[in-house]
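Here is a short note for your review. Please read it alongside the model.

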Amino acid sequence: MTAATIVRNSVLEVLQTAFRLVPWPTEAGLRSVGSPDESSPVLLTCNYDLTVRRLLAALEGCDAWVVVAATRGINVWCAAAGGHMSTHQVVSALKTSGVADRVRHRNVILPQLAATGVLALDVFRRCRWRVRFGPVAAADLPAYLGTGEKTDEMRRVTFPLSDRLQMAASWAAPASIVFGGLALFFAPAWALPLCALVTAMAVAAFTVFDRLGAHRRAILAAAFTAISLGVTLLFGGGLAAAATAAFTPLLMTAVLTFDYEGTTPLEGGSHFEQRKWTITLDSERCEGVYRCWEVCPEACFEKLEDTRKVELAHDDRCIRCGACVVQCPQDALFFEDSDGARIEPDVIRTYKLNLFGQRSVKAL
Ligand code: SF4
Ligand code: SF4
């Protein structure tokens, strides 16, 4: 990699982390890593530029083909959830990228988090490619390609500090532009303190907010209102500065902790709170294909090797992403509420119910 490429990638990494809430498309098509041949593995991902660059970096030292599908520049989980990384996009990318002319096999590895949107069985029916869902994190791909096995750690989604800080940066950057920009017009001396305030709030929201208990919104707003008012009065701000110092933390708390119907890692959707849909397994139907076990990001399933079935051993961890329901070839999984109302698998496959409440779905 040349020095210019390293500098360009570093700049893009910073910009795309800070503004990751907006789509950032890269060219779809076929990429090669190392010196792949006709038996090399084929991986497929979204065309979110940050994802593609991180994937290619993680594969350094491997020989592989990478198919980039056109998913409107959105990351894998969001694109799969929103219908932009679906069976159609995957089949289309496999047919048009030219990868079929480069390899002898027809096995493709998708990111595990695409499982909410891409129906593996339909991909096979439509273009004869066999889908396997790889690890959640690109960093685990070299180990996965080496053994062909996913460990429990490779299957589970965690929200580690590094991810939390990146999410904080993605809120702090646009908020700083808005608040700092306004301050530059009316009170330039307070622009930087305002940026520091919204950045500190974003960091707090993504690092400690979910551990503050039932009154967390009030705690977050009150703590930062007290800090910003104290600083303003200490440094001699007038009435307008004090009013801004009191108002900004309230507004930021509302923005950062708004219930985005399950689209934020911090809060679930309101619909989902009201209905308490529970993942349910019909053991009679289960035939032990283990697709659910392969795709569940919370490792809710345990294999029962002796009976070739699974059990929902950790359903308390379920985040209702719907991946297991979408992939189960036996329709043995569905959502049910306490009144016995059911949401059948085909409804989940059609409407991508992982964002409960964002799409209107009628319980059957
Ligand atoms: S529930 Fe469905 S996907 Fe899971 S092991 Fe049984 S048949 Fe396979
Ligand atoms: S819906 Fe629940 S059990 Fe199914 S894959 Fe998602 S987290 Fe796992």
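Axes are lines fitted to C-alpha atoms, for helices over the stretch in contact, and angles run from 0 to 180 degrees between N-to-C directions. Helices (H or I, at least four residues) are DSSP runs, numbered from the N terminus.

1. Basis. This is a predicted model: local features need pLDDT of at least 70, side-chain atom pairs count only at pLDDT 80 or more, and totals for chains, interfaces and linings use all residues. Residues are numbered from 1 along each chain as its sequence is written, while chains are lettered from A and ligands numbered from 1 in the order in which they are written.

2. Helices α8 and α9. Helix α8 spans residues 161–186 and helix α9 residues 191–207. Their axes come within 8 Å and cross at roughly 155 degrees. The pair is therefore roughly antiparallel (angles over 145 degrees). The crossing of α8 and α9 is right-handed (the near helix is turned clockwise from the far one by less than a right angle).

3. Contact of α8 with α9. Contact means C-beta atoms, placed from the backbone, within 7 Å. By class, the contact has 15 nonpolar, 4 polar and 1 charged residues. Ala, Val, Leu, Ile, Met, Phe, Trp, Tyr, Cys and Pro count as nonpolar, Asp, Glu, Lys and Arg as charged, and the others, Gly among them, as polar.

4. Helices α9 and α10. Helix α10 covers residues 216–234. Its axis lies 11 Å from that of α9, at an angle of about 155 degrees. These two helices are therefore also roughly antiparallel, and their crossing is right-handed. Pro193, Leu197, Met201, Ala204 and Ala205 of α9 meet Leu220, Phe224, Ser228 and Val231 of α10. The classes here are 8 nonpolar, 1 polar and no charged.

5. Domains. The assignment (automatic or from a database) gives domain 1 (3–151), domain 2 (161–257) and domain 3 (270–351). The centres of domain 1 and domain 3, over C-alpha atoms, are 26 Å apart. Domain 1 puts 9 residues into their contact and domain 3 puts in 10. The domain 1 side has 7 nonpolar, 2 polar and no charged residues.

6. Ligand shells. What surrounds ligand 1? A shell of 13 residues (C-beta atom, placed from the backbone, within 6 Å), the closest being Cys286, Val289, Arg291, Cys292 and Cys328. It has 9 nonpolar, 2 polar and 2 charged residues. Around ligand 2 there are 13 residues, with Cys296, Cys300, Cys318, Cys321 and Cys324 closest. That shell divides into 10 nonpolar, 1 polar and 2 charged.

Note on methods. Two residues are in contact if their C-beta atoms, placed from the backbone, lie within 7 Å. Angles under 35 degrees count as roughly parallel, over 145 as roughly antiparallel, 65 to 115 as roughly perpendicular and the rest as oblique.
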